[in-house]
Amino acid sequence: MVTCDAIAGLAREFIEQTPLNVISPKIALNDDVVGLRLFEAPVFGFGNPDDDLFADFAAPAANVVLRPFDWLVGARTIISYFLPFTDRVKEGNSRDLSYPSAEWLHARIDGHHVGAALSSAIKSFLEEHGHTAVVPVQETAFTADYVNFTSNWSERHIAFVCGLGTFGLSRGIITEKGMAGRFGSVLTTLELPYTERKYRDVYEYCTRCGACLRNCPAQAISLENGKARRPCKAFLNAVLAEHTPYYGCGKCQVRVPCANEIPPGKNRKGRFPEGK
């Protein structure tokens, strides 16, 4: 029988055992990161594919174009997960706020492969038990426009729907394990209990303390507009040019109150404009 606990258990075992979650000497950017573990065990949220929030995703704060039923006819559950980076990854990126650390670059790029493999493992687990499943970002229909910063399936917005957390100034999602990590999702025809959303506002967990904007080497974040994507992207492009295929930054996700948990306090209601 496939339950929420069974899926979470599968994921914990996968993250513990997969060699993808450990940086090998073959790919290490330097000797210091050999043996680095990228992720801790994930946390999960389970959402309704027919949630009313999908009708709101035409609002400026969101980029999701296709609804769950466009990806999987008969979908009954969205499985969303957050993979928290290990303390070593976060500590490595906290040493120097002017440039991303090797630990973070590995977590950002090699961590993508860990998440993709975990999503595939969950999909296979569901199929083995007679349920249809789809990983939207692995489908040929998935598109991402890196010029206009849009896609037709946003893992962060799906995480919000599934009760994992709310947005912060830096446009990341603040979860019970913080915001430093990666998200993934799987759609399935299996009906599972939905996770209660313990928030109502898009930015409810953000206290607007300003720590992320002070950390940002690209000066891309403001209290008024959140993160402007174009200066952020320009900084990432400069990192990519020097470390191809690696790029990243993540300074807005370390040395901040929401790095490891939901910070105390509560943001005022409202949405930030869609700054570029």
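A cavity is a set of points, on a 1 Å grid over the protein atoms alone, where a 1.4 Å probe fits but cannot get out. A volume is the space filled by probe spheres set on the points, with grid points joined across faces, edges and corners. The views below come from a predicted model, in which local features need pLDDT of at least 70 and side-chain atom pairs count only at pLDDT 80 or more, while totals for chains, interfaces and linings use all residues. Residues are numbered from 1 along each chain as its sequence is written, and side-chain values use heavy atoms, with hydrogens and water left out.

**View 1. The largest cavity.** The whole structure holds three cavities of 30 Å³ or more. The largest cavity has a volume of about 120 Å³. It is lined by 18 residues, of which I174, C206, C209, C212 and C258 are the closest to its centre; a lining residue has an atom within 4 Å of a point. The lining comprises 13 nonpolar, four polar and one charged residues. Ala, Val, Leu, Ile, Met, Phe, Trp, Tyr, Cys and Pro count as nonpolar, Asp, Glu, Lys and Arg as charged, and the others, Gly among them, as polar.

**View 2. The second largest pocket.** A pocket is an open set of points with protein on both sides within 12 Å along at least five of seven lines. This one has a volume of about 210 Å³. Its lining has 13 residues, and G163, L164, E176, T195 and K198 are the closest to the centre. By class, six are nonpolar, four polar and three charged.

**View 3. Helix 4 against helix 5.** The axes of helix 4 (residues 87-94) and helix 5 (residues 102-128) come within 7 Å and cross at roughly 130°. Axes are lines fitted to C-alpha atoms, for helices over the stretch in contact, and angles run from 0 to 180 degrees between N-to-C directions. Helices (H or I, at least four residues) and strands (E, at least two) are DSSP runs, numbered from the N terminus. The two helices are therefore oblique to each other, as angles under 35 degrees count as roughly parallel, over 145 as roughly antiparallel, 65 to 115 as roughly perpendicular and the rest as oblique.

**View 4. A cis peptide bond.** The bond from T244 to P245 is cis, with omega near 5°. P245 lies in the segment after helix 8 (229-243).
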